Amino acid sequence: MLIDKQAISEVIYRYARALDRCDLELLKSCFHEDSTHDHGEFEGSSGDFCDWAMALLRRLTATQHHIGNILIDLDGERANAETYWVAYHRIPAEAGGSGVVAGRGEETDLFIGGRYIDRMELRNGTWKIARRIGIHDWQRFEPANDGGFFQSEPRKRGTRSRDDPSYHRL
């Protein structure tokens, strides 16, 4: 039981990492092939969601998704999970017309809090998401203010790719 809950939690953690590193392959690995997704403006297959989300996120300067409480109700090879999350998005001025913060014309920081409601399934010995609903509980837009962080030396910042130090073992 605890091993299954840990495996399910790892899928959810990988999902957040994949978003922040813009790693499409890792993101798709969190879902069964026939998984469905209903999150924000998107409703459809999870594979299509992954493509849609990557196109959106790659236009942003930075993102960071924090995973909070994960409540898992196991029922054999199926489980229901509710995961609390908080996400940060730096939206560059040129992305202002994307529908995310249309018309702002300046760098904007977007903070969102919500929950993932997941049906997880164990297939061929591997837990993955079979159905996801993304709930937004609150959001906040603020003018960007990072004190020049994004102009600092790149080697001292995380990257949104597999060049990030987290992909290289010490």
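How many bridges join strand β3 to strand β4, and in which sense do the two strands run? The close-ups below take up this question and a few others, all in a predicted model.

**View 1. The hairpin of β3 and β4.** Here β3 (residues 62-75) and β4 (residues 78-91) run antiparallel, with 12 bridges joining them. Look for I70, which has T83 of β4 opposite. Two residues lie between the strands of this hairpin, and G76 in the turn shows a positive phi of about 65°.

**View 2. The six-stranded sheet.** Follow the strands of this open sheet in the order β2-β1-β6-β5-β4-β3, and you will find mixed pairing. β2 (42-45) and β3 are at the edges with a single partner strand each, so one side of each has no neighbour in the sheet. On average, neighbouring strands here are turned by 15° against each other, direction ignored.

**View 3. A parallel pair, β1 and β6.** Five bridges link β1 (residues 31-39) with β6 (residues 126-143) in the parallel sense.

**View 4. Helix α1 on the strands.** Helix α1 (residues 2-21) lies across β1, β3, β4, β5 (108-123) and β6. Its direction makes an angle of about 160° with β3.

**View 5. Confidence along the chain.** The average pLDDT of the chain is 90, and 91% of the residues score at least 70. Residues 97-103 have a pLDDT below 50, and in the model this stretch has 13 contacts beyond near neighbours in sequence. Where pLDDT is low, predicted coordinates should not be read in detail.

Conventions: Residues numbered from 1 in each chain as written. Predicted model: local features only at pLDDT ≥ 70, side-chain atom pairs only at ≥ 80, totals over all residues. Heavy atoms only, no water. Pairing = 2+ DSSP bridges. Helix = DSSP H or I, 4+ residues; strand = E, 2+ residues; numbered from the N terminus. Axes fitted to C-alpha atoms, helices over the stretch in contact; angles between N-to-C directions. Contact = heavy atoms within 4.5 Å. pLDDT = per-residue confidence, 0-100.
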